[in-house]
Structures are given as structure tokens and as C-alpha cells.
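This briefing is meant for a reader who is meeting the structure for the first time. Please keep the sequence and the model in view while reading, and take the topics in the order given.

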Amino acid sequence: VHTYRCFNVNLAAAKQSGIPYICTPIYTFNRFWLITHRLWLPLIKALPHSWTSSWIDYLVPEFLWNKLYGPFRKIGSDVFLIVSPGHNTLYVADPEAISQITTRRNDFPKPIWMYGSVDIYGKSVVSTEGAMWRHHRKITSPPFTEKNNHLVWQESLHQAQSMVTSMVSPDAQTSSPVWDVAAQAMRLSLHVISKAGFGVRLPWPHEQAETEVPQGHTLSYKDALSILLENIIVVMLTPSWLLGRSPLQVHKTANEAFIEWGKYMRELYQQKRTEVQTGESREGMDLMGALVKGAGITSETVGANGHADPEKAASPSSKQLLTDEEIFGNAFVFILAGHETAANTIHFSMMYLAMHPQSQRRLQKDLDDILGDRPVSEWDYDEDVPKLFGSMCGAVMNEELRLIPPVVGIPKTSTAGRPQGLQLGGKHVTVPQDCYVTLDTAALHRNPKYWPHTSEEDLLDFRPERWLVDSSSSSSNKAADPHAHNDEAYTAEEGLDFDGPDKRPDTASSLFRPAKGAYIPFSDGYRSCLGRRFAQVEILAVLAVVFKTWSLELDVGLTMSDAELAEADAELRREAWGKADARARGLLRTGMMTIITIQMRKEKVPMRFVRRGSERFDYAV
Ligand code: HEM
């Protein structure tokens, strides 16, 4: 009876909203359903098709990725509601609506209860709202400057070279099949944030001598961090009282890494606090230093035990603006938010380029034009990054983020008791109170009204050339690229006002500029990504290092051995490549799953590094 009543209340609100709606009998993101839906779905599918056809697709938690723009096309509207007994949810692939939602921060706040699981060390800029969020954002924003992006650039160049060396020997013509490009990209990205943000340089296995475990620790910093991140879902989902007591090995491993990394953070924090108190200041991004300074730590706010005293910190007269836990909470989310997203972009860019040799050749031409024969040590942030940003390199990054934005559904909400109006194409609609809102990036980025495309299929495919507005030249006109000097998109600090939205556009002005609200891989408005420039610089650096020297090819080993390939005629080679390409495309459609971000989780796509000029498959596809 309760379920039926709730459903009726939600349905009545949807009817009054003026927004098209679909009814489902179950709330898809109900925890019980999330865990058990695979048991029930076959039973529901056995019911007559005519009963279930209008809603069954929406009961699969991955439907945002599975269906892309399909539901919006079917309903004939770029916003629609799903009405269920548990909740009403608004799905949005309309730029006008997105601009309103992301700029009306108080009307459409983040549902922060969804982020509770990232608070394993404490609250942070990601998991707070309202005045508390402003406070965190004010303290965490200062290190994200253009000046510090120089550091990100240098470290990314270094780490990208190490990554390539870990996969292919510098004097080889071609690598063995590399199955774990995703894992290597993850490692690279973790190393970049660790060094640029926290001053700790992590070694690659081939660079590593004996790993020393410092006194007082049971794991090295590197192992503590990587084991923690490998087991992050276990840590997030297990109550802390259980994690430390559970006899299960998985809990013991996760707990050890959790405690160890916490200890390392505490040591770094102590060191920074001493530096701050003695007036030492460090060059560089120094995220922990910025957190300590921003938190207003002084001798007054330190308790008898040597740590920040939460009571003193909370007192209005105190200068301690963040508690110890909040400092650790922020340090942790920088690592978490800062590595997986960028790593996915690097991995999928490499994979898409391996599937599109012609785009790869064009990228390499641009890299040659921009970087010439200069060694990596002479690549210059001020000179080269703006050109890369406005060239095929930027286009590849933008196109990858269009197709696979790491966050495929950015969550917002309308609060209880406060229905919210929206203007859509001159029409007024009402988002019901207490309604979840999903900014459906996977659909928005394929909305045919806002993207240059030649066919429906083209819009779904990777074609970075769509970003090159003047297709006759992607790098040749870069001397005139305003990013090189004072373009609004790349001027130091401009628009990075801590409590206003970052107003700088996501893409270079020499490339296609999507309509406002039509391209939001980094979200938009006040709660947009703090690390956007950091990530973009890292991704451009890695793509430049890899593709300046190497080409990437899909490995055809699942169809043909190297010996067979050497003997094969052109037709057989093409057939083998076609099978590898079809397998990669299939996995991109059906092998993806979101845990924190969307990744290919079912199987992997093997690739090979081939020295430029020795490519074996150079098909126009
Ligand atoms: C390609 C890389 C990246 C993408 C696509 C990305 C995307 C996003 C998105 C969509 C959000 C909004 C999430 C939400 O509202 O729930 C976000 C927030 C955030 N990101 Fe990123 N991100 C990337 C890299 C980074 C990096 C490198 C860092 C830090 C070094 C970072 C730090 C943050 C932080 C701190 C927030 C929270 C901002 C706030 O709520 O005020 N991100 N990011």
C-alpha cells in the first residue's frame, strides 16, 4: 500500500510538471535492486513484452551507457522524467536545461549522501554542499593555477616516457601485445598526481631498486596507495568497525592499506605543518601544504597531542578552518578524482587511435609540426601546450571525452518542498520537489542537434576531425592560435574565482566550440571540476610523448600469429584487423561498467606499439 501510494504521489507530480515521463514499477538505483537486479530481470523479461516494453530497459543500472541518446529520441524530448515508487528522476540531455541547473547551485544541489562513501578519511570539497562546500572550495582552489600546471606538464612528460619504456624497449621496432594499457595509464596518472600534488615521486617497476619500507610502516607508500586504490570499493562499502575486525583476507588487506596510507598522509601533514609554522615555503603545487595553510593552521589551533584540535578548530575565535580529518579527506579525493578520470581518457584515446589509423597519422603530423625534432626535454609549456590544445591533439582529447565522459551521469537534486521551474525553448516546466536529476553526459554528447555529424553512425563514432573547424589546417594556423597568448580559455587564473564558476571554456577557440551546456565532461558551473586544466595538460603531454615516436595498432593475435601475419596477403591481413576492430567496438558497447568512473571491465583490448614508419595496418576506416 505504501509503495502504491508513493508511486501515485510521484505520478501526480510528474503529470503537473509539463515534462514527458515514463513509469517504472521499481526505482533502479534502490540499493536492494542494484545488488539483486540480475536475479529478477530474467523473471520480468518472461512477462508478456507488451506489459514491460516501455520501462524494462530503464531497470538496468547501466542504461545510461547502454541506451545513450536512444530514450530521448524515442520520447521526443531532451528532458524526461522516470516515475517510480521510490523516486522521480529527471534525465537531461538539453544544454539550456543543463546551463540553468549547473548555475542555480542552491536550487539544484548535489545529493551529497551519494558521496558519503568517498569520505573514508573525512569530508571534502567533493562531498559537501552549501556553506561547507564554499569553505572547502576556497581552501582547495589556490594550488590549481597556471603556474602549477607547468609542474603537471613536466611530470606528465617524465611519467609518459617511463610508461612507454615499461611497455616497449626504446630500441625495438615493435612491442609484444600489451594487454594492460588501462592499468599502465592508471599507474601513470597516479604517479603524476602523487608527484605534482604531493611531492612524492613513485617509481615504475623497471626503475625500482629494492622497495624500502620505512620504520613504523608495514607497507611502502607506493604499495599502500596502490593496494588502497585497488580495494577502494571494499573500503568504501564496508563499515569501518567491520573493516578492522573482519577475519576475511580481503578486508585485512584493504584495512592495512587504508591505515598505512593514512599514516603516510599524517606524516606529510606533520611535516607541512612544521614548515608552515616555521615560515618555510615550497615551490610547486604542494596540495598538502596548501591545505595546511588554507586551513589556517597555527600554533594556536594545535591541541596538546600535537594534532589539530577539533574543538578549537570549531570555535568561532579559532583560526583552524579545516579539521585534520577534512585535510586528509581532501588529500584523498584529489588522488581519487585526479587519477582514474585522466587515466581513462588516456587509455581510451590510445585505443580509439589504434582503431583509427588515419586519425593517428593526422595527429602525428600535427605533433611533428608543433614539436619538430626537439627532444622531450626541450618541449616547453608556454610555447607548446596552447598549440597542442588547439591542434589534433586537443581534438583527440575532446572527442574521447565526448564519447566516454568518465562520469556518465552527473547527479543533482531538487530539494524536498521546493519544486523548481525551468525555461525550455520558451516553455516553462516544473521539476518536482525532491526529484533526482541526472545530467546524462553520454546522451548529451550524442545529441544530434548540437554536434557536427555526417550521419547517425558518425555521431556515435570516434572522429576527432569533427573538432577541426578549418579542416584544411589543424596545426599550420597555430601560430595564430589565441591560446598561445591571451585567449580567455587559457589565460592564467582568469575565471578561477573560488566561489564563482570557472568560466573558461572547455575547448580551444581554434576548435569547434559546442553550444553552452552541450559539452560537460568536467561538469559545468559552480561545481565543475577543479582539476580540469591539470587533467588536460596531463593528457596532452602523454598523447604527445607516445605518438611523437610510436604508432599504436590493434593486436590481431587472437586471429593470427605473427608468423601467419608475415605470410598473409593484404586481404587476410585486413580481415584479421577487421576482427580485432570489431571486437574492440563490441567491448566498447557491451563491456563497460561504472563503479567510480566508467571503464572497460569485461575484457581487454590488446595493442602494440610500432615505431613510426613501420606500421603494419594503415587502413582508412
Ligand atoms: C579527464 C579528467 C577529469 C574529468 C573528466 C573530471 C570530471 C569531473 C566531474 C564530472 C566533476 C563533477 C562531479 C560531480 O558533480 O559529481 C568533477 C569534480 C571534481 N574534480 Fe574532476 N575530472 C577530471 C580530473 C580531475 C583532476 C586531475 C582533479 C584533481 C587533481 C580533479 C578534481 C576534482 C574535484 C576536487 C572535483 C570536485 C569539485 C567541487 O565539487 O567543487 N578532477 N570532475
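This is a predicted model: local features need pLDDT of at least 70, side-chain atom pairs count only at pLDDT 80 or more; totals for chains, interfaces and linings use all residues.

Helices here are DSSP runs of H or I with at least four residues, and they are numbered from the N terminus. With that numbering, helix 16 (324–355) and helix 22 (532–549) each supply at least two residues of the shell around the ligand.

**The ligand and its shell**

- The ligand is surrounded by 24 residues, and the closest of these are Gly 338, Thr 341, Cys 529, Gly 531 and Ala 535.
- Helix 16 provides the largest share of the shell around the ligand, with 7 residues.
- Sorted by class, the shell around the ligand holds 16 nonpolar, 5 polar and 3 charged residues.

- An open sheet is formed by 5 strands, which follow the order 1-2-3-7-4 with mixed pairing.
- At the edges lie strand 1 (21–23) and strand 4 (409–413), each of which pairs on one side only, and the twist from one strand to the next averages 25°.
- Strand 2 (residues 79–83) and strand 3 (residues 88–92) run antiparallel and are joined by 5 bridges; across this pairing, Leu 81 stands opposite Leu 90 in strand 3.
- Helix 1 (residues 2–17) packs on the sheet, where it touches strand 1, strand 2 and strand 3, and its direction makes about 165° with that of strand 2.

**Helix 16 with helix 19**

- The axes of helix 16 and helix 19 come within 9 Å and cross at roughly 105°; since angles of 65 to 115 degrees count as roughly perpendicular, helix 16 and helix 19 are therefore roughly perpendicular to each other.
- From helix 16, the contact is made by Thr 345, Phe 348, Ser 349, Tyr 352 and Leu 353, while helix 19 brings Val 396, Met 397, Glu 400 and Leu 401.
- By class, the contact of helix 16 with helix 19 divides into 6 nonpolar, 2 polar and 1 charged residues.

**Helix 19 with helix 22**

- Helix 19 (residues 392–403) packs with helix 22 at an angle of about 120°, and their axes are 10 Å apart, which makes helix 19 oblique to helix 22.
- The crossing of helix 19 and helix 22 is right-handed.
- On the side of helix 19 the contact is made by Cys 393, Gly 394, Val 396 and Met 397, and on the side of helix 22 by Gln 536, Ile 539, Leu 540, Leu 543 and Ala 544.
- The contact of helix 19 with helix 22 has 7 nonpolar and 2 polar residues, and no charged residues.

**Helix 13 with helix 14**

- The axes of helix 13 (residues 249–277) and helix 14 (residues 287–294) come within 9 Å and cross at roughly 60°, and the two helices are therefore oblique to each other.
- Helix 13 passes helix 14 in a right-handed crossing.
- In helix 13, Leu 268, Tyr 269, Lys 272, Arg 273, Glu 275 and Val 276 meet Met 288, Gly 289, Val 292 and Lys 293 of helix 14.
- This contact of helix 13 with helix 14 has, by class, 5 nonpolar, 1 polar and 4 charged residues.

Key: Residues are numbered from 1 along each chain as its sequence is written. A residue is near a molecule or strand if its C-beta atom, placed from the backbone, lies within 6 Å of it. Ala, Val, Leu, Ile, Met, Phe, Trp, Tyr, Cys and Pro count as nonpolar, Asp, Glu, Lys and Arg as charged, and the others, Gly among them, as polar. Two strands pair if DSSP finds at least two bridges between them. Axes are lines fitted to C-alpha atoms, for helices over the stretch in contact, and angles run from 0 to 180 degrees between N-to-C directions. Two residues are in contact if their C-beta atoms, placed from the backbone, lie within 7 Å. Angles under 35 degrees count as roughly parallel, over 145 as roughly antiparallel, 65 to 115 as roughly perpendicular and the rest as oblique. A crossing is left-handed if the near helix is turned anticlockwise from the far one by less than a right angle, and right-handed if clockwise.
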